[in-house]
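This report describes one protein chain for a reader who has not seen it before.

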Amino acid sequence: MKKLILFLITLCLCTSMQAQQKKGKCTESEFRNKREAYLKEKAQLTDEEAALVLPLYFELLEKKELNNKEPWKKIKATNISNASEEEYDEIIQSFIDVDEKNVALEREYYQRVKEILSSKKIFQLLHADLKFNRHMLKIINQSDKK
């Protein structure tokens, strides 16, 4: 359930980021730079640690984002209002498969990052990213209300 919520937050952020790009507010590279700076500060990463870890972290996020698109492709290819039980089952199974792929990726990257950072710093990085996502959602919600 937590992964589904995190996925939905990420999806909202990506969708919002695209909408902001259309409005000319924030480019993808600007968004990434803001995120990097936020993560570096809140996770208390040194310049050297940030230079080694953040590219790996963003590589992981990009791979997970690609994985997360697969079930949505199935949904778009299916007439949901007239879908059969089998089609619904395939869609649900594709979400489960993506979760399993993402967990495997997370384990792989955790081992790689663990060679660079302590577990405490890894936790601080993950916590900082959750805070960043919440922070961005607040900004998005405030701009939508205006």
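The model is predicted: local features need pLDDT of at least 70 and side-chain atom pairs count only at pLDDT 80 or more, while totals for chains, interfaces and linings use all residues. Residues are numbered from 1 along each chain as its sequence is written, and side-chain values use heavy atoms, with hydrogens and water left out.

The chain has five helices and zero strands (DSSP runs numbered from the N terminus: helices are H or I with at least four residues, strands E with at least two). Its pattern along the sequence is α-α-α-α-α. Values for the chain follow.

| Property | Value |
|---|---|
| Accessible surface (Shrake-Rupley method, 1.4 Å probe) | about 10,100 Å² |
| Part of that surface on carbon and sulfur atoms | 55% |

Helix H2 covers residues 28–42. Its 15 residues reach 21 Å from first C-alpha to last, close to the 21 Å expected at 1.5 Å a residue (1.5 Å times one less than the number of residues). Phe31, Arg35, Tyr38 and Leu39 are buried in H2. The buried residues of H2 fall within an arc of 95° seen down the axis, so they line one face of the helix (the arc is that of the directions from the helix axis to the C-beta atoms). Gln44, with a positive phi near 55°, follows H2.

On the surface, Ile80, Tyr88, Ile92 and Ile96 form a nonpolar patch with about 320 Å² of accessible area together. Ile96 lies in helix H4 (residues 85–114).

Definitions and conventions:
Patches are made of residues with over 30% relative accessible area and no salt bridge: like charges are joined within 9 Å, nonpolar side chains (Val, Leu, Ile, Met, Phe, Trp, Tyr) within 5 Å. A salt bridge is a side-chain nitrogen of Lys or Arg within 4 Å of a carboxyl oxygen of Asp or Glu. Buried means under 20% relative accessible area, exposed over 50%, partly exposed in between (1.4 Å probe, protein chains only).
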